[in-house]
Amino acid sequence: ALALVAHHTPPTELTELRDVFNFFDRQSSGVIPFKEFARKLSHSSFEPEEARRIFNSLDIRSNSFIRYSEFLGAAMEYQSNIGVQILEQVYKQIDQSDDVHKFI
């Protein structure tokens with residue numbers, strides 16, 4: 001379902017999200033380890049405990065790093081401008097393929 005939501009998200013928004021992810025992914029490895037995440041946040045006066053709490057909320061798989069898909073999912077959930085219209089478009093696309101029950 002995340003791929004469908006991303007498909008209906010304006011390209012400029014996805015580019016901005018990718019740029020933010022790349023800011024944290026200093027090694028260009030496709031993942032953000034906690035150490036790098038905390039280091040970047042420390043420059044913005046985040047306390048280590050707050051950095052850990054944020055990181056853990058993004059690290060859905062609990063494997064000590066954040067994948068782009070986890071980051072993108074969290075960002076899209078957070079952004080209010082994703083709106084009902086995009087979700088309706090996704091639902092219509094799923095519904096047309098008769099695969100709606102796979103996502104419920």
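A word on ground rules. The model is predicted, so local features need pLDDT of at least 70 and side-chain atom pairs count only at pLDDT 80 or more, while totals for chains, interfaces and linings use all residues. Residues are numbered from 1 along each chain as its sequence is written, and side-chain values use heavy atoms, with hydrogens and water left out.

Let's start with the layout. The protein chain has six helices and two strands; these are DSSP runs, H or I of at least four residues for helices and E of at least two for strands, numbered from the N terminus. Along the sequence the pattern reads α-α-β-α-α-β-α-α. Of the 104 residues, 32% count as buried, where buried means under 20% relative accessible area, exposed means over 50%, and partly exposed is in between (1.4 Å probe, protein chains only). The chain exposes about 7200 Å², with carbon and sulfur atoms supplying 54% of that; the areas come from the Shrake-Rupley method with a 1.4 Å probe, and for residues only the protein chains shown count as cover. As for contacts, meaning heavy atoms within 4.5 Å, take those between residues at least 6 apart in sequence: 53% of them join residues at least 24 apart.

Now, the core. In soluble globular proteins, nonpolar side chains tend to be buried together. Which residues have the most contacts inside the largest nonpolar core here? They are I32, F37 and I66, in a core of 17 residues. By nonpolar core I mean a set of buried Ala, Val, Leu, Ile, Met, Phe, Trp, Tyr and Cys residues joined through side-chain atoms within 4.5 Å. The elements giving two or more residues to this core are helix 2 (11–24), helix 3, helix 4 and helix 5 (68–78), and helix 5 gives the most, with five.

Setting aside residues up to four places away in sequence, F37 touches F24, I32, A51, I54, F55, L58 and I66. From that list, let's pick A51, which sits in helix 4 (residues 48–58). A51 counts as buried because its relative accessibility is 2%. Beyond its neighbours within four places in sequence, A51 is in contact with F34, F37, A38 and L41. A51 and K40 are eleven residues apart in sequence, and their C-alpha atoms are 9.4 Å apart.

On to charges. Side chains of opposite charge can pair when their charged atoms come close. How many salt bridges does a search of the whole structure find? Three, counting a side-chain nitrogen of Lys or Arg within 4 Å of a carboxyl oxygen of Asp or Glu.

E36, in helix 3 (residues 34–42), is buried at 10% relative accessibility. The side chains of E36 and R26 meet in a salt bridge at 3.8 Å, N to O. That pair links distant parts of the chain, since R26 lies in the loop between helix 2 and strand 1 (31–33), ten residues from E36. R26 is exposed, at 53%. E36 also bridges to R39, with the closest N and O atoms 2.8 Å apart; the two are three residues apart in helix 3, so about one helical turn separates them. R39 is partly exposed, at 33%. Together, R26, E36 and R39 are linked in a network of salt bridges.

Finally, E50 forms a salt bridge with R53, again giving closest N and O atoms 2.8 Å apart. Both lie in helix 4, three residues apart, about one turn of the helix, and E50 is partly exposed at 28%.
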